[in-house]
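Student: Before we look at the model, could we go through the terms used for it one by one, setting each value against its cut-off?

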Amino acid sequence: MTGKYGKLQRFSTLSTWFSTLHTQVSTYPPRYPLYIERMKLMEHTFSHVSVLLNECIEALNIDPNGIYVDCTLGGGGHSLEIVKRLEGGKLICIDQDICAIEAASERLKEYKDKIIFVKNNFSNFSGILAELGIEKVDGALLDLGVSSYQLDTPERGFSYNTEAPLDMRMNETAALSAYDVVNTYSEDDLRRIIFTYGEDNNAGRIASAIVKARAEKPIGTTTELVDIIKSVTPKKMLAVGHHPAKKAFQAIRIEVNSELSIIEPTLKAIAYHLNPKGRIAVITFHSLEDRAAKHTFADLATGCTCPPSYPVCVCGKKPTVKLINKKPILPSAEELEYNHRSHSAKLRIVEKMPSEA
Ligand SMILES: C[S@@+](CC[C@H](N)C(=O)[O-])C[C@H]1O[C@@H](n2cnc3c(N)ncnc32)[C@H](O)[C@@H]1O
């Protein structure tokens, strides 16, 4: 291959190196109602209904000969729609969860010549591109958080609804698990995490109850943790609204997977590696994620930050991107109806400025 994508000749070897091809699930029907029917039959396989699918594809403004990165492969639903639109282009599919790589490799096998699967953390975006000998890409998608498969697989320990070991690692080889957070963090750190990442006003009581319970014996399972949380949840909160453990579980999951701290540096790294007019689309699922994406994009889109009293610019800051949508794109009423998971989703899009190539 020559020209703009000359380096892609290296893909055949690298793709063999990165790819893992095992059978878990066959190609999904593309229409949602059919997809949902099929999911009911596939309880033990990888199932995840892609959120804001059409909106993301539109957002990426795909060049059939471009290089795209799906930073959060998951079940491969977004990747499938991206790769279908490629002719000479390539798609790099990243996920830190080996189960996602395996299932999506099978689902996308028809397009395997156009895809490179990479099991890694997207926070290593620059390193991943360097390994592949790629300097610039034409678009990247991040569909943040966990997949339905991860949530619905009890052994992964993400769910407060099923008994499982306290785990919550998206990367099964990561050192830190929910067990470590719950059993070794100080009461202050637990309170801070549950309050900050879970926005849970009951954080103080939960942290203190965890520390008291683990003094008797280590807290080993999701249900033990749920019972501890329930024991300090005011009765009126038990009766209404969300599950009392929802926010604390979200907080511990965010801590285990360092989900928030990597958003800003990753978006900045991606922006650096975009070709002019290349785009980043990011879907967030809670206010903390959305705030991180919004502020990072605002910073990237801001030029000179010198005080207005300065006669000339001394900071030299130039906008790297422009915002494609000032307000986030939300799921349609139709999508909300068939995919409950989409209810908190927000899509933000930026485009690389021509002058920053
Ligand atoms: C919401 S799902 C993506 C679903 C996918 N877009 C689809 O259509 O099927 C998020 C996926 O991103 C992965 N993930 C989350 N954070 C990650 C990170 N920092 N690095 C790599 N993968 C990550 C998770 O393991 C999960 O499989």
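Tutor: Let us start with E199, which is partly exposed because 14 other C-beta atoms lie within 10 Å, and a residue is buried at 20 or more such atoms within 10 Å of its own, exposed at 12 or fewer, and partly exposed in between, with C-beta atoms placed from the backbone. This is a predicted model, in which local features need pLDDT of at least 70 and side-chain atom pairs count only at pLDDT 80 or more, while totals for chains, interfaces and linings use all residues. Residues are numbered from 1 along each chain as its sequence is written.

Student: Where does E199 lie, and what is noted about its phi?

Tutor: E199 lies in the loop between helix 9 (187-198) and helix 10 (203-216), where helices are DSSP runs of H or I with at least four residues, and strands are runs of E with at least two, numbered from the N terminus. Its phi is near 50°, a positive value in a residue other than glycine.

Student: Why does K277 count as partly exposed?

Tutor: K277 counts as partly exposed because it has 16 C-beta neighbours inside 10 Å. This residue lies in strand 5 (residues 274-284), and its phi is near 70°, again a positive value in a residue other than glycine.

Student: What makes helix 3 oblique to helix 4?

Tutor: Helix 3 (residues 53-60) and helix 4 pack at an angle of about 45°, with their axes 10 Å apart; axes are lines fitted to C-alpha atoms over the stretch in contact, and angles run from 0 to 180 degrees between N-to-C directions. Angles under 35 degrees count as roughly parallel, over 145 as roughly antiparallel, 65 to 115 as roughly perpendicular and the rest as oblique, so helix 3 is oblique to helix 4.

Student: Which residues make the contact between helix 3 and helix 4?

Tutor: Helix 3 contributes L53, C56, I57 and L60, and helix 4 contributes G77, H78, E81 and I82, a contact being a pair of C-beta atoms, placed from the backbone, that lie within 7 Å.

Student: Which residues are closest to the ligand, and how many surround it?

Tutor: The ligand is surrounded by 22 residues, the closest being S50, T72, G74, G75 and G77; a residue is near a molecule if its C-beta atom, placed from the backbone, lies within 6 Å of it. Helix 4 (77-84) and strand 2 (90-95) each supply at least two residues of this shell.

Notes: Two residues are in contact if their C-beta atoms, placed from the backbone, lie within 7 Å.
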